[in-house]
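I opened this model to look up a few residues and the overall layout. My notes follow.

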Amino acid sequence: MAVDGKDGPPITITIDKLHQMMGHISPEAAKRLVKEFLISGIILNETESPKSCD
Ligand SMILES: [Zn+2]
């Protein structure tokens, strides 16, 4: 699944969704990916707290 969004407008996803997209990484890692590594085309919706998942 393409996540760079270079061919379209930015998409807004929740931390939980990014967690799933990236292979169930930790919520903290998901936030770092967006904030530090700057995945283009992704806007993180931080108003929804991540659900527990296993
Ligand atoms: Zn998960």
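I looked up His-24 and found it exposed, because 11 other C-beta atoms lie within 10 Å. My cut-offs for burial: a residue is buried if 20 or more other C-beta atoms lie within 10 Å of its own, exposed if 12 or fewer, and partly exposed in between, with C-beta atoms placed from the backbone. His-24 sits in the loop between α1 (15-21) and α2 (27-35). Its phi is positive, about 65 degrees, although His-24 is not a glycine.

I noted the ground rules. The model is predicted, so local features need pLDDT of at least 70 and side-chain atom pairs count only at pLDDT 80 or more, while totals for chains, interfaces and linings use all residues. Numbering starts from 1 along each chain as its sequence is written.

Next I checked Ser-49. I placed it in the segment after β2 (42-45). Ser-49 is exposed, because 9 other C-beta atoms lie within 10 Å.

Then I stepped back to the whole protein. I count two helices and two strands. Helices (H or I, at least four residues) and strands (E, at least two) are DSSP runs, numbered from the N terminus. The pattern along the sequence is β-α-α-β.

How much of the protein counts as buried? I get 7% of the 54 residues.

Last, I checked contacts, meaning pairs whose C-beta atoms, placed from the backbone, lie within 7 Å. Among contacts between residues at least 6 apart in sequence, 67% join residues at least 24 apart.

How values were computed:
Two residues are in contact if their C-beta atoms, placed from the backbone, lie within 7 Å.
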